[in-house]
Amino acid sequence: MGAKVDPSAAFGPTLKVDLPTQLAQLGVKLDQIKYLGLSHNHFDHTGQALSFPKATLLMEAADFAALKSDPLPFAVSATTLQPWVDGTAKAETVRGDHDVFGDASVVMLATPGHTEGEAALLVRLPKTGAVLLSGDVVHFSEQWAKRGVPTFNKSRADTSASMDRLQAMAKELKAILIIQHEPADIAKLPSFPASAQ
Ligand SMILES: [Zn+2]
């Protein structure tokens, strides 16, 4: 049996300062944001998308297709992505790994299992070095240690393979792995805005 994950705990919102406010601290205007890359289609990962209606959405093809299914799959939100779903905003679907800027600085990593199109993110920061953002490949440290797979995941086998891939990459790249639902991991990064450097 895998470690049990309480879905309500996994999806609990903790937003204190929204993205537009944080970007303003960096002097970045919202319409300067070219790409909006999402790890997957669950509502707790899409909530601020409508702040960036001019951005091109980057999402794995299967997860994007699921936004148009009826009924919507578990935890999938279409309303928070409505302009991209109805085609009034631009979306690019991704298959496999995707090097966003062509310089390996930001790479979406095909890590299916939680959803069919789940993507983790490799970011190479100039000062901090390589950082791996888990998406929902793994939700909590305890689950990572025990290789637990939540029952609501799409595929147990794919999730296990994706966790193995992230672990191997973290070792090879000497990357900081940030499990994004894990508060202790968020504390591994310097606080914003230094975390962007
Ligand atoms: Zn999720």
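Begin by selecting the three strands of the open sheet, which lie in the order β1-β2-β3 with parallel pairing; strands here are DSSP runs of E of at least two residues, helices are runs of H or I of at least four, both numbered from the N terminus, and two strands pair if DSSP finds at least two bridges between them. At the edges are β1 (35–37) and β3 (91–94), each of which pairs on one side only. From one strand to the next the twist averages 25 degrees, with axes taken as lines fitted to C-alpha atoms and angles running from 0 to 180 degrees between N-to-C directions.

This is a predicted model, in which local features need pLDDT of at least 70 and side-chain atom pairs count only at pLDDT 80 or more, while totals for chains, interfaces and linings use all residues. Residues are numbered from 1 along each chain as its sequence is written.

Next, select β1 together with β2 (residues 56–60), a parallel pair joined by 3 bridges, and find Leu36, which stands opposite Leu57 in β2.

Ala75 counts as partly exposed, because it has 18 C-beta neighbours inside 10 Å (buried means 20 or more other C-beta atoms within 10 Å, exposed 12 or fewer, partly exposed in between, with C-beta atoms placed from the backbone).

Finally, select Ala104 in the loop between β4 (98–99) and β5 (106–110): phi of Ala104 is near 65 degrees, again positive in a non-glycine residue, and Ala104 is exposed, with 10 other C-beta atoms within 10 Å.
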